[in-house]
Amino acid sequence: MVDFFALGEQILVMAFLVTLGYAIGMFFNGFARKITARIHNRVGPPIYQGYIDVFKLFGKKTNISHGWIFDLAALFSIAGITLVFLFLPVAGFSMLSTDGDLFLILYLLAIPALGFALGAGASGNPNAAVGIMRALMTMLAYELPLVMVIVAMMVHYNTTSLAGIVAAQSNMHWAIFLPVFLIGAIVADMALQGMLMEKPFDIPIAPHEIATGPMVEFGGKHLGALMLYKMMGIVVETTLFVDLFLGGGVILSVAQYGWLAYVVNFLVWFGLITFVFFLALLINAVFPRFRIEQALKFYWKYDALVALLILIWIFVEVST
Amino acid sequence: MIVEVLAILLGTAFLMLALNKFPKIAGTIAFFVSLLPFLAVLSWAGQMGINIPSYLNLLHFESMATYNLGAGSLLLEITPLGWFFLLLLASLFPMVMLYSVSFVRENAGGFYAAMLMTMLGTFGIILAKDMLTFFLFWEIMSWSIFALVLRGHDRRAIVSYLAFGSMSAMLILFGFMILYYDTDTLLFAHMHLAPTRLNLVALSMIVAGFAVKGALMPMHVWAPHAYSKSEEPFVAFLSGGLSKLGYFGMMLFMYSVAGMGLLASWGTFRDVSWFGYSLAVVGAFTAFAGTILAVMQDDLRKLLAYSSIGQLGYIAIGMGIGTPLAITGALFQALNHTFFKAVLFLAAGAVYYRTGKWKISELGGLGYRMPFTFLASLFAIFALAGIPITSGFAAKWLLYEAAIEKKFLFVTPIMLIAGVGAFLYAYKILYGVFLGEPRYDVKEAPLGQLVAMWILVLPLVIFLVFPGWVADMAAPILKEYGMQAIPHTPFVITTSLGVYNTLAVIFGIIGTLLLALVLYKWKPQEVVPHEDNYLAGEPPELYENISMHAAYKYYEPFEEVFLPYFRSGAEKLWEVVLYAGEILGTGARKIYTGMVEDYTMYILLFFIILIGWWLLW
């Protein structure tokens, strides 16, 4: 018999965490703009600008759609990215992450991306199509070093589950403290830069070339949905990085410290994802943009080469 | 009983030739006859430990027997492995026939006759109990395909199919001969191969022969031509269905005939035989290169052909690794590929049927015009790319898990990146054909074609919800090879490394979609015509002839990067083989001088060598 009370409790907790995730995502939007502005020696918008933007866009009276395929973008992007968030261990707390593993997360990440791409394609704007082409190619580019590092980690920890990898790093045995995965973290951080679409890899959006690319035809609530997707995307991607290399931000064991551990771990997790995002922002603020084939060459030649060294390292490790 | 089915298929094939003038009638009859193999599969389900409702068991085939045909005998038997592959082919076949009724016009009788003959061949291959029966039906199948490829009137396709088909048959035949020499029996069940080097050569030849049909690189050269120049229903069956026969053959000979122990006796690498490991590496290379080549195609059929080659590579990976996990994954991938690739080829055919265009850059905007075709292909593309909204993910997941379980550090990233590459060409199909600027005012595809496509989409949804059912079907096969089935329930598959709970994914998607819907429905929206975008409803007249559809050379930067590495493709390799053959042939021809004294000398030399050898022995 299904325990409805426990199920309801679990759903409530998940709803709370999803709300928290979106709140952090919106905060990150304003944070990013403020930081970039300060580096550029501007004043910049207030730090809560993300909240204002989203509420404004969802409050618009006129919303223009180009048909039902166009609407899929808004639906799939929000649904998909929320689902990915549910499958991630957040600060060591697992919502659904025991029901799926890292491969599932990698493939679930494609749902919002493809849904977004469907809507952008359906708008019929050539800029959107070019933007999607660039986005997919950037994805192909950064995925190679990323999956190489991930495969190395899976073989090293002998699990494919992200929750398992986080658990293996408990008691401060963070992966980044191992020399091989310190290099791995650098490789993956490069990939993260492409994943977050920050400069020098903001080729898909490229506001000066293709007028924000995929987003060009979206307005009102559709744009609001896509903004939410992008904000949550930042939380998801940085959390993925933190889970892989920084032990998911777990520093106190729940069994020992009870609810205090949850609070502390959540704070540490928040601090770590903010730090990871902050690093990406620093790179973003000072670099110009790559061309698409330059990005592909950067990832497949240099980043993947270092990742190959990591694979060889792990190969030697398992062979002996 | 089974011979009656074969006879009906054969008889109907002849009847089709007589009905050449009446394509609709011929098609309808062929469709109903094509249901027979499917009913046969259902009636054997009980034997495989799979319970189906009794009203589905119409034919009541319980036992198999030997049939004497003249001097020899035809030995047929159903095995779990055969049943699984027959299930795939026999469920695809009627849908392809249903689709053909509205698609095939020209010389329809010949088409249906050849199609029925391919099914006859397939039936025999899968049920064969010995090598002779196997080869006989293999040739029936191969030559019927040739008849269907001929209908495309493309010289390259015909010649390459003929060349590679013959090569495949020769390799298989030589392999069979060596095995017969070694074991003195034709029956699969009685063959106990010794771990000799000769048998290794024989097995390699057989696997290489089957790799031609399974379109593994570098034996794939015929496939892009044949897939892209024949009629779509046939291509759907060729790519979705008949290519699996290559993998069926590989599996039969690698695991049923030779067995794990024998393969391992030629050396192992992390408990995987070198034989299997090489197959896995070839499969991974095929998956990667096929994907890259698919991204570069502009012809819709060529793109699908290369994508098919890439996806088939995954099956080879699973078969090569050969753990229970990997074999289940390979079978699952075979199942998915059968249905999603068939749907995609059929959808491409439906698009052609309405627009008369094959080039992706010339199509566009059909999504709103042909919504049901679009949705069917969307599902198929989700399955192809492995998005967890369809069953496509479970197969890929099993294969990745199997590779990680064996700590394959270099094969796994290649598999994963090939999976990412699949998103690229998948979106090229979606955008180029169905999205973007509407350029054709066409109707939805005919009902028959839609029904065929949507029925083929069903398995992709069913096995999303019940991935464990495939593990159930794989269990008797694994049991035959002396392996345990992977731990599973209908919804959850567990491995030593991770868990895949499909219910969590499904309820997660439903829940999050509801959340998105609530956010989305908060405010009303108005739908505006397509031109009302940044052009403000007034497309500049100057540009009227210029398309706003950006599909021409869609992945141009990608091509610039990758084309130099793929320019000298597999065809160059085979040209080298051809050149070597020419030199050898020219040399051999010099023996025939046309002078009697030379020939006398040869005979004399022959006897001297013979006597000398006899004396020295």
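Author: We begin with overall size, for which a definition is needed: the radius of gyration is taken over C-alpha atoms, and the globule rule is 2.2 Å times the number of residues to the power 0.38. Please bear in mind throughout that this is a predicted model.

Reader: What does that rule give for chain A, with its 320 residues?

Author: A compact globule with 320 residues would have a radius of gyration near 20 Å, and chain A has 20 Å, so the two agree. The C-alpha trace of chain A spans about 60 × 50 × 45 Å along its principal axes. Chain A has 13 helices and 3 strands, and 59% of its residues count as buried. Among its contacts between residues at least 6 apart in sequence, 79% join residues at least 24 apart.

Reader: How does chain B read by the globule rule?

Author: For the 617 residues of chain B the rule gives a value near 25 Å; chain B has 26 Å, which agrees. Its C-alpha atoms fill a box of roughly 100 × 60 × 55 Å along the principal axes. Chain B has 22 helices and 7 strands, and 55% of its residues count as buried.

Reader: Into which domains is chain B divided?

Author: Chain B is divided into domain 1 (2–509) and domain 2 (570–616). The C-alpha centres of these two domains lie 42 Å apart. Between them, 4 residues of domain 1 are in contact with 4 residues of domain 2. On the domain 1 side, the touching residues comprise 3 nonpolar, 1 polar and no charged.

Reader: Which residues of H8(A) are buried, and against what do they pack?

Author: The buried residues include Phe181(A), Gly184(A), Ala185(A), Val187(A) and Ala188(A), and also Met190(A) and Met195(A). Buried residues of H8(A) pack against helices H6, H10, H12 and H13 of chain A. After H8(A) comes Met197(A), whose phi is positive, near 55°.

Reader: How many residues does each chain bring to the contact between chains A and B?

Author: Here 62 residues of chain B are in contact with 65 residues of chain A. Among the elements giving two or more residues to the chain B side are helices H15 (392–405), H16 (411–434), H19 (502–521) and H20 (556–566). By class, that side has 44 nonpolar, 12 polar and 6 charged residues. Strands take part as well: 2 bridges join strand S1 (residues 64–65) of chain A to S7(B), and the two strands run parallel. Within this pairing, Ser65(A) stands opposite Val527(B).

Reader: May we close with one residue, Pro557(B)? Where is Pro557(B) found, and which residues is it in contact with?

Author: Pro557(B) is found in helix H20 of chain B. A residue is buried if 20 or more other C-beta atoms lie within 10 Å of its own, and exposed if 12 or fewer do. Pro557(B) has 18 such neighbours inside 10 Å and therefore counts as partly exposed. Leaving aside neighbours within four places in sequence, Pro557(B) is in contact with Met137(A), Ile292(A) and Glu293(A). Pro557(B) and Phe507(B) are 50 residues apart in sequence and 39 Å apart in space, C-alpha to C-alpha.

Notes:
Residues numbered from 1 in each chain as written. Chains lettered and ligands numbered in written order. Predicted model: local features only at pLDDT ≥ 70, side-chain atom pairs only at ≥ 80, totals over all residues. Contact = placed C-beta atoms within 7 Å. Helix = DSSP H or I, 4+ residues; strand = E, 2+ residues; numbered from the N terminus. Nonpolar A, V, L, I, M, F, W, Y, C, P; charged D, E, K, R; others polar. Pairing = 2+ DSSP bridges. Domains from an automatic or database assignment.
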